[in-house]
Amino acid sequence: HELRAPFARIAIAMAPAEKGFVDASLEELNEELSSMRMQFDRWAEAREQGVLDIKANHDEKFQEVKGKLSKMKGDEKKYKKLGIELMERLEMEKAEEYRAQHEIHLLKQQEYAIPQRVEELRTIIERDLQVANKAGEEMAKSSSTAYKKLEALRHAVEVYRERLGLAFETAPGSENLKVSMKYIDPQDPEKWFTFAVHVGSDGKYSIANCEPWVGEVDALLIELNKTNNFCNFVRSMRRKFKESVQ
């Protein structure tokens, strides 16, 4: 009460004009304060919205990172599985490579042995073909029937039927002589090359079958019927077969 008294005395002493001035100043102050409050509210609202935006952006980034981490974990499992599969495949390929190298080694050993074996066979064939040639010449001098001629040929070469890779066959009751040869194709020495010779009642030779076919067989037949040298014909056929695989 004692503190309010001086202010009361001041208020009583103030002139009416001064009182009006103070009221105007207070109103202006209130307006300024109201304006400042509105600015502050806008600033506070903007700050709050900024914080909300930052939080929303943070949440979005967090979810994005979380999704990437989840995907990375899934990719890690997938790549780990792929790595295991690749390792297994690599082991299989290494095993296959080892087997291939072993097979190549065996083939090289066989390759080294082939020339010597071929030379041995060539010597044997040349020697026995000379025997067959002599037998053919002796047979040509005879006047036997076609069947006897075939029988003579078959017996003349019986000694080297299988071991030389040259075989002669006649079916019972047939007048065809089937000649089979191998050791011709370097890529497949065991492959058979065959032709069948027919001897007519007039003693003339003809080809009943040839596998694979040799284009010059007609010219060779003309020479055979002219000379009756069957062994030379066999050698010529063998040479043509060799030419067909080169």
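Why are Lys71 and Asp75 separated by about one helical turn? Being 4 residues apart in helix α2, Lys71 and Asp75 stand about one turn from each other, where helices (H or I, at least four residues) and strands (E, at least two) are DSSP runs numbered from the N terminus. The model is predicted, so that local features need pLDDT of at least 70 and side-chain atom pairs count only at pLDDT 80 or more, while totals for chains, interfaces and linings use all residues. Residues are numbered from 1 along each chain as its sequence is written, and side-chain values use heavy atoms, with hydrogens and water left out.

Lys71 and Asp75 form a salt bridge with their closest N and O atoms 3.0 Å apart, the term denoting a side-chain nitrogen of Lys or Arg within 4 Å of a carboxyl oxygen of Asp or Glu. Lys71 counts as exposed because its relative accessibility is 55%, whereas Asp75, at 18%, counts as buried; buried means under 20% relative accessible area, exposed over 50%, and partly exposed in between (1.4 Å probe, protein chains only). Helix α2 also holds Lys55 and Asp59, 4 residues apart, and these form a salt bridge at 3.3 Å between the closest N and O atoms. A further salt bridge joins the side chains of Lys182 and Glu190 (3.1 Å, N to O), and the count by this rule comes to 5.

Asp185, in the loop between β2 (176-181) and β3 (193-199), is buried yet has no salt bridge, its nearest side chain of opposite charge being Lys191 at 4.7 Å; for charge, Lys and Arg count as positive and Asp and Glu as negative, with His and the chain ends not counted. A polar atom of the Asp185 side chain does, however, lie 3.0 Å from the backbone nitrogen of Gln187.

Leaving aside neighbours within four places in sequence, Phe195 is in contact (heavy atoms within 4.5 Å) with residues including Met181, Phe233, Met237 and Phe241. Phe230, found in helix α5, counts as buried because its relative accessibility is 2%, and its C-alpha atom is separated by 8.3 Å from that of Ala132, 98 residues apart along the chain.

Methods:
Polar contact = N/O pair within 3.5 Å; in protein donor to acceptor, adjacent residues only side chain to side chain.
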